[in-house]
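Please open the structure in a viewer and keep the selection tool at hand.

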Amino acid sequence: MNSWIKKTAILFTYSLTLSSLVPFASGFAQSSTMMVSNSSPVINNAGFETLGSGSEIPGWTYYWSPLTDEYSISITDSKSYEGNYALKMVDGGPKSLGLISSSFPVTEGSSYVTSVKTWLEQGSVAMIVYYYNADNKEISNSRSSLSSVSSAWLDFTHESVAPAGAVTAKIMLYSGTAGYSTAYFDHMTVSASTAADIPVAFGDPIDLGAAMKTVKTSGAAMANGEVYFATNGTPSTFYALDASTGEVIYSSPVQGVNTVYGVAAGSDGNVYISGVENGMLYRYSPAAKTLESVGVNPSEKLVWDLAATSDGKIYGATYPNSKIFEYDIASNQFRDLGSVREDVMYARGIGVTEQYIYVGVGNPAFLYKIDRQTGEQSEVKLPNSGANDMIADIWSYNGKLFVRSGATTLFILDEETEEVLQSLPWPSPTRFDSMISPPSPLDRDLVYFRNVVNSELVTYNTATNEIIPLEGVVLPNSTVRAYDWVTPQTGHKAGKTLLAMVTEKLEYVLFDPEDRSVETIMPEIEAEGIDIQSMEMGPEGKLYMGGFHTALSIFNPVSNAYELQERVFPQIEGIGFLNDKVYFGTYGGAVIYRYDPSQPYKKDVNPSLAFNIEDGQSRPFAFASGDDQLFIGTIADYGLVKGALTMYDEPTDTWTTIPDIVENQSVMSVAYKDGLVYGGTTIHGGGGSTPAASEAKMFIFDPKTKSKVKEFSPAIPGMTSHQLIGDLKEGPDGLLWGVTWGKTASGTTVYSVFAMDAASQVIKKSKLLYPNTPSGSTWRPYFIRFGDDGLLYTTIGRTLTVINPETMDSQKIADSVNLMTLAEDGGIYYAEGSHLKKLPIALKEVALNLDESLLTVGDQAQLVLSGTLFNGKSADLAKASINYKSSDEGIITVSDSGTIQAIGAGRAELQATVVLNGITVLSNLVVVEVRATAEQLTEKLQQEFNLRLASGEILKPLANQLENSLKQTEHQLLKKHTTQAIHHLEKFTRDLADPKMNDYIVPAAKEALLLQAAELLNILNQQ
């Protein structure tokens, strides 16, 4: 999520009695029925009718210059939506350009809809909204893209939420590096959204810490007597280790990168790395111990592999257009070498020699060699050329070419003749594990690799073409990421030649070929937080999560703590539940694990392997269950487009897979209702595949007959086609609810949320949302969850959006949310990178209660405070900040825990101020009356009598009678004889009231003494 959005005070459809509702400091817009307080901003020269001198466009500034004939932005009168002019933007190649508006004021927490009339003749354009704080520093940005070429004006709109601290914003009309575009823009508007009928409010997000932690790397290299790698994490951390001892020499975070496959040692003695996120090439200097960015490669952002040559070049293999690039160290220049093969997406592996660049691509799998001087490209034939696979790594040693295909297949070729000398395909008993060592300095004919079947070390003799396992030499059960030969200068192996290895789990292993010993060193590598990949709430109320690449965590909301943070577990794509068991759908492939929460977690035992779907399947994202059956939807494997539905029948313990249930489509979502399975598809298959179908479908499957009943496209008003359908969920109203992404008649991409009568497949209600917004992942479903408050929460548009199912009013709560589920109290758990966060329901009101409102001086009592959330559920005030206040601390004091102490007689008002998750609420007032003790009143009465006697207001004989009665009252009270005290006090009152005594007391004194005596008598009668 880009930033947190501070929410503003709100007004709901029902009356609120909050004394105050302070602004929220969070990443979420407030959902309510309020009208946004700020007026809609005005864009300077929004219609481009004001002309400037030369190329100047008043109110706007250029992004990227200078402009040329190929890259131009200008005011034109050749087209206009209104008025005389419009803006014309021409992007003539692989560079970017844009135009940025002047700033306009915004209110944090408010939603803004930006719209511009657009005529797109070719290519695609984007609209980006940038938000700035009071120091004019960018806080976040949000964008939409338009690729609907048309011959008319289209509404290009984007909705975003102003983050916390935002005071201004700017809009950029932009054309990126992807290709050519020509577009016209006119009549730009920005409007503050009017809030919908969504009766819910949220507090500040609660950060529950990094849910997923692991120690893992995806790529490594050894050189200079050191080991280099970057951990998987958010962000990655680059490390340099001493190759002899495994000690950490250097470490530094690599901002903006979470996975690094490409690591190569350059001829200049420096080390180069590149990740899968930003296309940036980084350079580490062992001499200076510094890590710096070199620049962004001109090919593509996702870099799979790097290779270095002895003459100062670094080559990279990229995705998704199978491009390769060259970086010249001496000149500090990049060169895009283009696509290796235009019909494949992955340039997955790269190797270099003095003469050739070898590039492995997929899917399908091919190996190419490119002459470094002439650029001539030719195919190197492999046993699996053209198969649904991927060529991942290439090495050249001793005239032999070593080629990795997939994860564990190895081909060994004669480099000159290209004859295949050895094939170790899956499932050979000796299976190669990803990497090959350089030739041994002790025997230049030998290279080493790990056998993935039994973890034994294996040698290959390049002279004799023999593969010989080293029986008894067992390595850690972990994929090796890099090999090299080292000679320690100190320690018990000083002077010896050792084979060093670093594994994906960051075990550092040293093998001595002479005595065949293996030593494993665990470097001091901090566990890194990795992105949360999957999230579901279990039936027992615990939250299950899987990490990107690896890891499994279980969070207990009751204890507010992680019960499990397993660092090593296959990547979990989807999570399902059946009869109190948890099922994890993992990648690679589509392997299902079963976990019994009633039993302790035990690695490789619980969870246990339940089923391997196979059948060309991968990524089990979709789960549903019912009537003792589990249903799983899978995405096709790499290069394939035929997904599957798999069902598990628990009573018979049988698994059944129905491949290609919708022809040439993958299954993105499943729901179970009334004995039938309802599924939604994506036209997209596995990585490297090209869609074979044009429109996603829904299908109905009968588990009893194990057959498809029907296949159809939901008829949603305003949409002409769907490319993704899912999630699907039965709502409280009995309708089947779903989300789709597709196109309108004009070609604009748009999302829809719909409710369908499942029996008739008739759409009962629907709404289009977020036009021109990309789909995000083409595999992961858009979550749908129904709250106890009757509202629908969804990640439609890869946002967090809440919808009122009755009115179909909707409100975006936050941008960039892929994973969410609902908490027991109605709050929302969601993922932000590696961190689990909770968006709590806001506190609505608090009630302050006291059982007894009449106290006596010296008494103690306990205030009782309770809270209610906006959804009507009880609030947990254990973590609230509570401040109690008394209107008169001379009468009552209140402790921090709510214990009150009666100090003096009188009346005081008590109130509590409660702050919970950023929301401040005042309680009701509690009025407490404190009366004095009998002893205090007796003393007070005595003082009043003495005062009146001394002033001559009481005369004998009445004075003697009253004095005697008071002494007896006090005496009996000291002896705790309340009845006798009452008797003497009543005599005191009778004597005062006797008309015969009126001549011996003035009226004012009589009235004062009678009043105080009555007060004391009342106290005594209650004891």
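**First stop: an open sheet**

Select strand β40 (residues 498-503) and strand β41 (residues 508-512), which run antiparallel and are joined by four bridges. Strands here are DSSP runs of E with at least two residues, helices are runs of H or I with at least four residues, and both are numbered from the N terminus. Two strands are said to pair if DSSP finds at least two bridges between them. Within this pair, alanine 500 stands opposite leucine 510 of β41.

The model is a predicted one, in which local features need pLDDT of at least 70 and side-chain atom pairs count only at pLDDT 80 or more, while totals for chains, interfaces and linings use all residues. Residues are numbered from 1 along each chain as its sequence is written, and side-chain values use heavy atoms, with hydrogens and water left out.

Now extend the selection to β39 and β42: the four strands form an open sheet in the order β39-β40-β41-β42, with antiparallel pairing. β39 (480-486) and β42 (517-521) each have a single partner strand and stand at the edges, so one side of each lacks a neighbour in the sheet. On average, neighbouring strands of this sheet are turned by 20° against each other, direction ignored; axes are lines fitted to C-alpha atoms, for helices over the stretch in contact, and angles run from 0 to 180 degrees between N-to-C directions.

**Second stop: a hairpin**

Select strand β59 (residues 721-730) next; eight of its 10 residues are buried. Buried means under 20% relative accessible area, exposed means over 50%, and partly exposed lies in between (1.4 Å probe, protein chains only). Seven bridges connect β59 with strand β60 (residues 736-743), and the two run antiparallel. Leucine 728 has glycine 738 as its bridge partner in β60. Five residues lie between the strands of this hairpin, where glycine 734 takes a positive phi near 85°.

Which strand holds leucine 173? Leucine 173 lies in strand β12 (residues 168-175), and it counts as buried because its relative accessibility is 0%. Leaving out residues up to four places away in sequence, leucine 173 touches a set of residues including Phe48, Leu87, Val116, Ala126 and Phe185. A contact means heavy atoms within 4.5 Å.

Then move to glycine 262, which is in strand β20 (residues 260-265). Glycine 262 is also buried, at 0% relative accessibility. Apart from residues up to four places away in sequence, glycine 262 touches Tyr272, Ile273, Ser274, Trp304, Asp305 and Leu306.

Select helix α1 (residues 934-950) together with helix α4 (residues 1003-1022); their axes are 9 Å apart and they pack at an angle of about 165°. The two helices are therefore roughly antiparallel, a description used for angles over 145 degrees. Among the α1 residues that meet α4 are Leu937, Leu941 and Phe945, and the α4 residues in this packing include Ala1008, Leu1009 and Leu1016.

In helix α2 (residues 958-974), select threonine 969. Is threonine 969 buried or exposed? Its relative accessibility is 1%, so threonine 969 counts as buried. A polar atom of the threonine 969 side chain lies 3.4 Å from the backbone nitrogen of leucine 985. Beyond its neighbours within four places in sequence, threonine 969 is in contact with Ala981, His984 and Leu985.

**Last stop: backbone details in loops**

Select proline 957, in the loop between α1 and α2. Another cis peptide bond joins asparagine 606 and proline 607, with omega of about 15°; proline 607 is in the loop between β49 (591-595) and β50 (608-612).

Two further loop residues have a positive phi without being glycine. Lysine 289 has phi near 55° and lies in the loop between β22 (280-285) and β23 (290-296). Lysine 289 is partly exposed, with a relative accessible area of 39%. Serine 434 has a phi of about 75° and is found in the loop between β35 (420-424) and β36 (446-450). At 7% relative accessibility, serine 434 counts as buried.

Conventions
Polar contact = N/O pair within 3.5 Å; in protein donor to acceptor, adjacent residues only side chain to side chain. Parallel < 35°, antiparallel > 145°, perpendicular 65-115°, else oblique.
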